[in-house]
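Q: I am new to this structure. Please show me how to read it, feature by feature.

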Amino acid sequence: AYRALVAQDARLASVGYKLAAANAEYCARKERNPGWVIHDIAQYPDAKVAKAAFGFEQLVQIAALVPGGPADKAGILADDGFIGLDEATLYWPAMPVGKTGYERLASFKQLFAERMAVKPGLPVKLLRRGNAYEKVLVAPLVCASDFQIDPSENFNAGAQGDMVSVSSALTEYAAEDGELAAITAHELAHNILGHRARLDAAKVKRGIGRSFGKSRKAILQTEIEADQLSMWLLANAGYQAAGTIAFWQRYHRERGGSLLSDGTHLRWSQRIAIMQEQADLIAATPHIGGKRTPPLLVISGP
């Protein structure tokens with residue numbers, strides 16, 4: 001079960017990395033993404049089983065790699081454990097009672113981002129079956145966003161500003177990578193457009209609990225924009241519009257009725273019409289090397 005979850009994480013990370021890398025030139029916020037999934041033994045309810053499944057020579061290690069990504073090209077392997085970044089040796093503090101491994105992972109990710117921002121060719125020290133080794137990791141700038149699986153039987157996906165999460169049930173439902181990309185691109189579009197910050201700011205301005213009708217309209221607008229932008233993100237990453245629309249039509253037939261109609265989303269038929277409209281616009285837009293600038297990401301001004 002643990003390995004199945006990591007396999008889903010790897011699949012989502014690969015799809016997310018492809019979208020983030022293909023659209024990097026259009027994103028205002030970028031980061032150097034190594035193309036790996038990392039995990040902490042403290043994330044798992046049963047540490048003994050986790051150690052049997054993944055080794056965990058170190059408390060924080062590589063769970064999976066994006067095929068062809070920077071870490072993969074550097075010769076790093078899944079189950080390698082971290083022992084150092086650049087000149088710094090990593091010491092893993094014990095997790096406080098009641099905490100999960102996510103706090104320790106967050107600290108590591110912040111340290112990695114800080115070091116990588118200063119030194120794009122970053123020496124990374126790892127442990128593999130008792131043997132320490134070092135690789136110089138060179139990671140290009142891509143759209144800033146992490147991608148994670150939410151272990152859940154619900155059909156959910158979300159964008160938290162710097163994170164895209166997709167439930168394990170929805171990931172499994174999206175049988176092909178192009179289908180998972182359709183889901184991921186919608187949530188990544190929310191992050192690229194800064195929708196979480198926009199909605200938070202609007203909520204503070206109006207006051208919590210006021211003008212919920214306006215709140216619905218604000219959320220609806222972000223959902224429309226995410227549907228629009230997602231088609232451009234997918235096209236730039238090489239995913240076909242016909243497959244995307246076919247997936248959402250299938251989802252509408254099989255799962256659409258389970259969604260609440262609370263004014264925050266258009267009807268599925270309307271959403272699919274918007275996606276088709278964008279697909280037609282993309283087909284009519286000149287491209288350079290297969291890339292087209294999404295209209296929502298065109299920076300206006302002098």
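Q: Which residues of α10 are buried?
A: First, the ground rules. This is a predicted model, where local features need pLDDT of at least 70, side-chain atom pairs count only at pLDDT 80 or more, and totals for chains, interfaces and linings use all residues. Residues are numbered from 1 along each chain as its sequence is written, and side-chain values use heavy atoms, with hydrogens and water left out. Helices (H or I, at least four residues) and strands (E, at least two) are DSSP runs, numbered from the N terminus. Buried means under 20% relative accessible area, exposed over 50%, and partly exposed in between, with a 1.4 Å probe and protein chains only. In α10, the buried residues are Trp 268, Arg 271, Ile 272, Ile 274, Met 275, Gln 278, Ala 279 and Ile 282.

Q: What span should α10 have?
A: The expected span is 1.5 Å times one less than the number of residues. Helix α10 (residues 268–283) has 16 residues and should span 22 Å; its end C-alpha atoms are 23 Å apart, which agrees.

Q: How many residues are in the largest nonpolar core?
A: In soluble globular proteins, nonpolar side chains tend to be buried together. A nonpolar core is a set of buried Ala, Val, Leu, Ile, Met, Phe, Trp, Tyr and Cys residues joined through side-chain atoms within 4.5 Å. The largest one here has 38 residues, and Leu 19, Phe 247 and Trp 248 have the most contacts inside it. Elements giving two or more residues to this core include α1, α8 (212–236), α9 (241–255) and α10. Its largest share, 7 residues, comes from α6.

Q: What is Trp 248 in contact with?
A: Contact means heavy atoms within 4.5 Å. Leaving aside neighbours within four places in sequence, Trp 248 is in contact with Ala 182, Ile 183, Trp 268, Ile 272 and Met 275.

Q: How many aromatic pairs are there?
A: Rings of Phe, Tyr and Trp (its six-membered ring) pair if their centres lie within 6.5 Å; planes under 30 degrees apart count as stacked, over 60 as edge-to-face and the rest as tilted. The count is 16 aromatic pairs. In one of them, Phe 82 and Phe 108 have ring centres 4.5 Å apart and planes at 45 degrees, so the pair is tilted. Phe 82 lies in strand β4 and Phe 108 in helix α4, so the pair ties together parts 26 residues apart in sequence. Phe 82 counts as buried at 0% relative accessibility, and Phe 108 does at 3%.

Q: Which residues form one aromatic cluster?
A: They are Phe 155, Tyr 173, Phe 247, Trp 248, Tyr 251 and Trp 268. Tyr 251 and Trp 268 are both buried.

Q: Which cysteines form a disulfide?
A: A disulfide is a covalent bond between the sulfur atoms of two cysteines. The cut-off used is a pair of cysteine sulfur atoms within 2.5 Å. The count comes to 1 disulfide. Cys 27 and Cys 143 form it, with sulfur atoms 2.0 Å apart. The pair links distant parts of the chain, 116 residues apart. The torsion about the S-S bond is about 75 degrees, so the disulfide is right-handed. Cys 27 and Cys 143 are buried.
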